Amino acid sequence: MFGSGLLKGLRITGKRMVGPTKCDMYPYHRRTLPTKSRIFLAMRATPDGKPLCRACLTCQQNCPDHVIRIERDPDDRERAVSFTVDSGRCTFCGLCEENCPYDVLVFTQDFERATFDRDTLVYKLIDDGMATGACVTVEPTDEPAGEADADG
Amino acid sequence: MIGDYPRLGQASADGATKSIVLNMGPQHPSMHGVLHLMVELSGETVLACRPVIGYLHRGIEKLFENRTYNQCIVLCDRLDYISQYSNEWAFCRAVEKLADIEVAKRAEWLRTMYAELVRITSHLLWWSSVGLDMGAWTPLIYAMVPREHLFDFYEATTGSRLMPNYLRFGGVKEDVDPAALEELHDWLGTEFFAHLDEFDGLLSGNEIFLSRQRGLAHMTTDQAVAWGVTGPMLRATGCDRDLRKDTPYGVYDRLEWQTMTDARGDALARYTVRMREMRESANMAMQCIERMPAGEVRTRLPKVLRPPAGEVYVRTESTRGELGIYLVSDGSVKPYRLRVHSPAFMNISSLPRLVPGAHINDFFAIFGGVDNVMAEIDR
Amino acid sequence: MTPDLASLAERFGGTLDDAGFDPTIRVPRENWRALAAALAADGVWFSDVTAVDTGETVDVVAHVCASRSEQITLKTALSDDDLTVDSLVPVWPGVEWLEREVYDMFGVSFDGHPDMTRILLYEGFEGYPLRKSFLLDVEEDG
Amino acid sequence: MSGHQFLVALVWVLALLVVMALNIIFMDWYERKLIGHIHLRPGPMHTGWHGLLQPFADMLKMLGKEDIVPTGADKLFFWIGPMVVVVPLFLALTVLPVAPGAALADINHGLFFVFAMQTIVPFGITLIGWAGHNKWSLVGSLRAAAQLITYEIPMLIAALGVVMLAGSTRLTDIVQHQTVWWYALKLPIGFAIFFVTGLAEMNRTPFDLPEAESELVAGYHTEYSGMKFGFAMMSEYNSMLVGSWLLVLLFLGGWNLWPLPPSPLWVVLKVYLVQSFIVWIRGTYPRMRLDDMMEMSWKYLIPAGLANLLLVGVLGTVFPKF
């Protein structure tokens, strides 16, 4: 009958009107993102500030958008002097993390980094050969993870 | 009328017909993306329409030529950003066919499942905008509830809501937690269908909606094929052409499902086909979860892929229709030429043929049924 | 129903290459539209029209479907000094925008096309981006 | 007019202005809230308790915006347009009673006065659309003119049924006839027609074609900004108030709520219930098509209204007490 569809629609919206809302009240209620979420790049480092990076440049070569810049120590090819991330160019594809042979790169779930200044989007994970505050601290293990398929 | 269609200014060239040209978009409240439509009107009747595209052109086909194959997958997400997995799959299929890579068993099931889920999320967005185009605001919000649930699933399993970069040559990036799959299966079987029933009650049976959609912008199968229209728009003319059935890939030949068609050929048929496809896709995704074998999800490949020189054209049934990937390789680490034949591009090119004679009022009702994504049209 | 491709290729002074994934017919550009029309008369519909810059020539490539699962590739080579070929719009109306895109990206102009203008790029853009001579400003990896 | 009468009239006018302002403030907040809850979201929450101060925030925002007059606009009409819309609606308010005789002017032909005032509104909208020098507003305003003129006829016909039963066009008399049985119950067809045409007169969903944001950007007031845009919004809420008030008086018993004693409170309550329903409809339906809408009026509503009139005549003759 003409009009039954109209009434049905009113019933549905009426039910929803008195029912609960489904909003996350964002700044008051913050969701924790799943651990797999790729937000900002970070690096594992030991508690005493030693980065686990071995400056193999795999991530830099795999990055489609030239986000990562690594400066090697001229004396020690396995030591990075600086590791710069230009997150303003990053597309969060995860190729660096995935291809890292030593499993050193990780993504953090911290997403609140809106800024007014584009320069602040460039941050260093290694500065002067030491891990910066943007790194994630891990307890040192005996065997470096992922050594086996380093040349995969 | 299969061949030519009225061009802009043609009807008023004789001087007898008075017309105005409206510029709809690229900034218009209900324009989907940055499409610019020049519409010639006589009163409220559309005489001709000329879509102006390219506002979102990023030169992706050129960028492909400057990236290694692995890096190209990232860009595939950006083609049609609301059916990401379909794009990735199309590209991966082309590379796998050219380089003769075998896909891991479980990965095939996962790929099929994600492709069907993304068909649902894409159609949900379409459903919300179909209502919005006709002035109903509520569908927009209601469709977001199940869509957000699926996006949460994407994020928990692939790491990103919109740009997953999940498929790899020979498989997928990583396996999915069985508990998450189980939960998704339960949700699809119960809550999701309840949502769809609600959608049907809200819009599909609404007399105002029906009177606006019925008989609007009619298209026959012959016309659709001649204009290059594919996907749900073609199936809404009664033609059951569907690449998932015609050239089975993934595990589509092992699932029990039907191609959804509707013989009426009008805007309502396009609506019905997509609504039915959502239910069928949910069924297919549930079958995938039930029957998925255990095992590896990724074939071991050399870190740097060099497909042999040659060329391949692979067509995939994406959410919007036939997504063709034409890959020419010269044996190096980067594609020599990668052409993306976009279904939305073909469908939107039929718009100037569909709208003449319609009211400006119906214009967006027709436009909504085309279901375009500017990112894929402009590339 | 697959048309007899070998005889078709012969009829239009072209060659048939069956080695790849899809049968490929190469014809001289004078017979481009005639080949398409003959195929269309056999019930073949189009899927895609595009082009490839091979270095010496620009190949206009059409992917057509003989049946739901059979694809045929049609090719014609155009030399750099005269990039014109007959338009396929009279055969398949839907290729209108595809040919505009080829014009936009490769500079191939199609005779008999109703609206030969740029489509993705703006009028006045210099160069044809998908030609190999058009170089991107690519950063070198360290 | 004596000084005393003048003073009373002045107080009434001021009171009506306050009512108008309060209604706009309340409806601005209420509509957002209601639509919000239909949309599964809470609506404004941060300006005051549950966003109660939101209308004031809106007002401040509108006042702070630059008042743009487009280059090609007809400046005189651009200014006059909003007033031509707002003033008649305010005048219509002056004859609407809340209790027997309690109106600024409880005139004998109150019903027709309201209709006459509503008829002026399309002129204002057409002026607005013409003056803005914008294709969207032109299309929108012409739609509005066509729609309002088309829907006035069935609206009047539906109201005529009430006039026939009540034997008066004075709004107080009409309400006094509905002490127990509302005319909505006696004349369901007339009520339905009046409600639907009322929606069209108010430019509300599903008849909001003049400001169809999905095709006409913002319809007839596309070029308006700042406080002039505020005027357009105000006129919308005003016409909603007038329309639903008239509906309550004609069909929903006005201040009668049997078996409870009559009270002006019931008028307020009913007016806001009707307005809630209108908002609810907005949250549910898509917009109608222009030609369908015209067709509905000429082909269905007017014949149905005439049939209703005939029915009322027959019933009124056969059962004089009806």
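In chain D of this predicted model, 76% of the contacts with a separation of 6 or more are between residues 24 or more positions apart. Chain D has 12 helices and zero strands, so its pattern along the sequence reads α-α-α-α-α-α-α-α-α-α-α-α. Its C-alpha atoms fill a box of roughly 65 × 50 × 50 Å along the principal axes. For 322 residues, a compact globule would have a radius of gyration near 20 Å, and chain D agrees because its own value is 20 Å. Of those 322 residues, 47% count as buried.

Let us now zoom in on one loop of chain D. Between helix H8 (188-201) and helix H9 (213-216) you will find Asn203(D). Asn203(D) has a positive phi of about 55°, although it is not a glycine. Most residues other than glycine have a negative phi. Is Asn203(D) buried or exposed? It counts as buried, because it has 25 C-beta neighbours inside 10 Å and the cut-off is 20 or more.

Asn165(B) is buried because 26 other C-beta atoms lie within 10 Å.

Chain B also has strands to follow. Strand E1 (residues 20-24) runs antiparallel to strand E2 (residues 36-42), and five bridges join them. Within this pairing, Ile20(B) stands opposite Leu41(B) of E2(B). E2(B) also pairs with strand E3 (residues 45-52), again in the antiparallel sense, over seven bridges. Here His36(B) has Val52(B) in E3(B) as its bridge partner. How many residues lie between E2(B) and E3(B) in their hairpin? There are two, and Gly43(B) in the turn has a positive phi of about 65°.

Finally, look at where chain B meets chain A. The contact takes 20 residues from chain B and 21 residues from chain A. On the chain B side, helix H2 (69-77), H5 and helix H6 (178-204) each supply at least two residues. H5(B) gives the most, with four residues. By class, the side of chain B that touches chain A has five nonpolar, nine polar and six charged residues.

Conventions: Residues numbered from 1 in each chain as written. Chains lettered and ligands numbered in written order. Predicted model: local features only at pLDDT ≥ 70, side-chain atom pairs only at ≥ 80, totals over all residues. Buried ≥ 20, exposed ≤ 12 C-beta atoms within 10 Å, placed from the backbone. Contact = placed C-beta atoms within 7 Å. Nonpolar A, V, L, I, M, F, W, Y, C, P; charged D, E, K, R; others polar. Pairing = 2+ DSSP bridges. Rg over C-alpha atoms; globule rule 2.2 N^0.38 Å.
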